[in-house]
Amino acid sequence: MKLTVVGSFGRRKRSVSVYDIPGRLGLRVIPVQTLLLGVWAAVAATWVAVVGLRSPHAFAYDAAPVLLAPLALWLFLSERYETTLAVLLLYLCLLDGVVKLASGSSIATLGRDALLYAITIGAVLRTILRRTPLKVPPFAGFVIAWVAVCAMQLANPADTSLTHAVASLRQHLEFVPLFFFGYFVLRSQRRLAGLLLLLLVAAAANGVVDLIQTGLSPAQLASWGPGYAGLEGGTGTEVARVFVNAAGQAQVRPPGLGGEDGFGGLVGLIALPGAIALLSSARRSAKLGWLLIPATILTIVGIVTSQTRLDIVGGVIALVAFLALTLRSRRGLTALLLTTVVGLTGYVIVSDFVSSSASRYSTIAPSKVLGTAVTARKGTLSLIPKYIAEYPLGAGLGSVGPAAGSSIGGTTVGRGLNGESEITFLLVETGIPGLLVMLAFTIATIKAGLALRRVAHPALQRCLMALTAVLISLLAAWLIGPVTADSPSSPFIWLSGGCLAYWYGELRAGHLRVRPRLVGRALALR
C-alpha cells in the first residue's frame with residue numbers, strides 16, 4: 001500500500017510505502033522473523049519455568065524439547081551457516097547425550113535431527129526458490145551410491161518390518177547432509193580454524209566432566225538420571241558399563257557429556273590433532289596460546305579418564321599421522337615439538353592414572369597394543385568371511401548398531417549378530433555393496449587429504465592435515481568398533497569429507513598454491 005504525500009507548496013508529489021512510515025518517524029521496525037522467534041522463545045521460557053524446573057528429569061524430558069523449537073526455527077531461517085553449524089556441533093558434543101541420559105529416553109536424540117534438518121531444509125528451500133546454480137562436489141557419487149544402497153535395503157526380505165527398516169535408516173543417513181555443508185561452508189582457513197577451535201572447546205569441557213565422573217561411584221553417577229542408571233546398572237539387553245580396578249572396586253567408565261561411555265575420549269581424539277595445529281599457529285598470539293594450552297591438557301585428561309582403550313590408541317595414531325603429514329616444512333618442526341610436549345604430558349597423566357586403572361590400560365603398552373587389539377576383536381573379525389557368505393546383501397536394517405535397541409516396528413534383540421567392528425556392522429546392515437561403497441568413500445577422502453599435503457599456505461595445510469589425521473585414525477578403528485553409526489565420529493566423517501572434497505577440487509583446478517615436489521625442486525637447481 002502506498003500513500004501520496006504532497007510536498008511544500010504542493011509542487012512535488014511522491015509515493016511513500018506505509019512500511020516506510022515507522023522508519024521516517026524514528027521508530028525501529030522489528031523484522032517478522034525476529035518477532036516470531038521472540039514469541040516462541042518467550043513461550044519456551046514460560047514452559048520451562050512451569051514444568052522443567054521441577055526436577056532434572058522433568059527438565060530433560062519435558063522442557064528441553066520445547067526449548068529446541070525456537071532454536072530450530074532460528075536455524076531454519078538463518079543463512080549464516082557457519083554459525084548454525086557451530087551451534088549444531090556444540091549441541092552434539094555438549095548437550096545431546098546429557099539430554100538422552102538425563103531423560104532416560106532414546107527419543108531425545110531426535111533433537112539433534114530437528115536441528116540438523118532445520119538447517120538443511122532451510123538451505124534447500126532457499127536454493128530452490130532463488131534458483132541458485134550449484135556445482136556437484138567431488139566424491140558426491142560415493143555419497144549418492146551410499147544413500148542408494150541403504151535405501152535398497154528397505155526391500156531386503158530379512159528386514160524385521162518395513163517400519164523398523166525405515167526407522168533404522170537413521171543410523172546410516174542421519175548425518176549425510178553434513179557432507180554438503182562441509183563442501184559449501186568450510187571454504188576458508190578461518191572457518192577451518194574455527195571448527196578446530198570449537199572441537200577443542202568441546203573436548204576440554206568433556207575432559208572436565210570426565211574427571212568429575214571418574215571420582216564418582218557407579219551409584220553416584222546413576223543418580224544423575226534414568227539413562228545414567230541404565231548405563232551403570234545395565235539393562236535387559238546391555239551389561240553395566242563399569243569395570244573393576246586393580247583394588248577390586250567397581251569404577252565408572254565416564255560418558256562425559258555424551259550418551260555412551262567413552263564419549264569424552266572420542267571427542268578428544270577428534271580434537272587433538274587440531275589442537276596441535278592451532279598451537280603451532282599461535283606463536284604470534286600469546287593470549288591465544290595460553291588459552292589453547294589448558295584446553296589441550298584438558299583434552300588429554302578427557303581421553304585418559306574415558307577408560308576407553310580405543311580412544312587412547314586412536315589418539316596416538318591421530319597424533320603420529322598428523323606429525324607425519326606436517327613434518328616436511330620448518331613449521332612441521334614446531335608441530336613435532338608441540339607433539340612431543342603433548343605426548344610427555346599424556347604420558348605423565350597416564351602414568352599417574354594407570355595405578356588405579358591397570359585393568360583397563362595395562363594391556364595397551366606399546367609392546368602389547370597390537371596383540372590386545374587382535375585378541376579383543378578376534379571373535380568379531382573371524383566372523384567376516386561367514387557374514388560375507390551368509391549375508392552378501394545384508395541381514396536386514398536395524399539388526400545391529402544403535403537401531404538394534406529400538407522396538408519401533410518390532411525388535412531385533414536376540415538375533416545374535418555381531419556389529420562390534422565397522423566391517424561386520426556394514427556387512428550385516430548393508431551387505432557387501434554397502435561395505436565397498438563406504439570403504440571407497442573413506443579411502444577417497446583420505447587420499448584427497450594426502451594430496452593436500454602440498455598446500456603452500458602453512459596454516460591451511462595444518463588444518464587440513466588435522467582432519468586427515470583423524471580420518472586415518474578412524475579408519476584404523478574399523479577393526480575395533482563401528483564409527484559410522486553414531487555421534488561424534490559419524491558427523492565428523494561426513495563434514496570433514498565434504499571439506500576435503502572442496503579443497504581437493506580447488507587443488508585439481510589449480511586454484512591453490514602448492515609447494516614444488518622434491519624431485520622438481522632438485523631439477524630446478526641445475
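Which residues is E429 in contact with, leaving aside its neighbours within four places in sequence?

**Ground rules**

I am working from a predicted model, where local features need pLDDT of at least 70, side-chain atom pairs count only at pLDDT 80 or more, and totals for chains, interfaces and linings use all residues. Residues are numbered from 1 along each chain as its sequence is written, and side-chain values use heavy atoms, with hydrogens and water left out.

**Entry: E429**

I took contact as heavy atoms within 4.5 Å. Leaving out neighbours within four places in sequence, I found E429 in contact with Q153, Q171, H172, G396, L397, G398, S399 and V400. E429 sits in helix α22, residues 422-451. Helices here are DSSP runs (H or I, at least four residues), numbered from the N terminus. E429 is buried, at a relative accessible area of 0%. For burial I used under 20% relative accessible area as buried, over 50% as exposed and anything in between as partly exposed (1.4 Å probe, protein chains only). I also looked for a polar partner, and the side chain of E429 makes a polar contact with the side chain of Q171 at 2.9 Å. A polar contact is a pair of N or O atoms within 3.5 Å; within protein, one must be able to donate a hydrogen and the other to accept it, and residues adjacent in sequence count only if both atoms are side-chain atoms.

**Entry: Q213**

Q213 is in helix α11, and with 0% relative accessibility it counts as buried. A polar atom of the Q213 side chain lies 2.8 Å from the backbone nitrogen of G256. Not counting residues up to four places away in sequence, Q213 touches L221, W224, Y228, V252, P254, P255 and G256.

**Entry: K100**

I found K100 in helix α5, residues 96-103. K100 and G227 are 127 residues apart in sequence, yet 6.8 Å apart in space, C-alpha to C-alpha. Setting aside residues up to four places away in sequence, K100 touches S105, S106, A108, T109, G259 and E260. Its side chain makes a polar contact with the side chain of E260 at 3.4 Å.

**Entry: the cores**

I counted a nonpolar core as a set of buried Ala, Val, Leu, Ile, Met, Phe, Trp, Tyr and Cys residues joined through side-chain atoms within 4.5 Å. The largest one has 110 residues, and W146, L192, L452, L464, W494 and W503 touch the most other members. Apart from it lies another core of five residues, among them L221, Y228, L231 and V252. Back in the largest core, I followed up L452. Beyond its neighbours within four places in sequence, L452 is in contact with Q461, L464, M465, L500, W503, Y504, L507 and L512.

**Entry: helix pairs**

Two packed helices are described by the angle between their axes and the distance between the axes. Axes are lines fitted to C-alpha atoms, for helices over the stretch in contact, and angles run from 0 to 180 degrees between N-to-C directions. Angles under 35 degrees count as roughly parallel, over 145 as roughly antiparallel, 65 to 115 as roughly perpendicular and the rest as oblique.

- Helix α11 (residues 189-214) packs on helix α23 (residues 458-476) at about 45°, with the axes 10 Å apart, so the two are oblique to each other. The contact is made by Q189, L192, A193, L195 and L196 of α11 and A459, L460, C463, L464, A466 and L467 of α23.
- Helix α16 (residues 309-326) also packs with α23, at an angle of about 140° and with axes 8 Å apart; this pair is therefore oblique. On the α16 side I noted residues including G314, I317 and A318, which meet a set in α23 including Q461, R462 and M465.
- Helix α4 (residues 81-94) and α6 cross at roughly 165°, their axes coming within 9 Å, which makes α4 roughly antiparallel to α6. Contact residues include Y81, T84 and L85 of α4 and G111, R112 and L115 of α6.

Where does R131 lie? R131 is in the loop between α6 (110-130) and α7 (140-152). R131 has a positive phi of about 55° although it is not a glycine, and it is exposed, with a relative accessible area of 75%. F139 lies in the loop between α6 and α7 and has a positive phi of about 70°, again without being a glycine. F139 is buried, at 15% relative accessible area. My last stop was the cis peptide bond joining S487 and P488, with omega about 5°. P488 lies in the loop between α23 and α24 (489-508).
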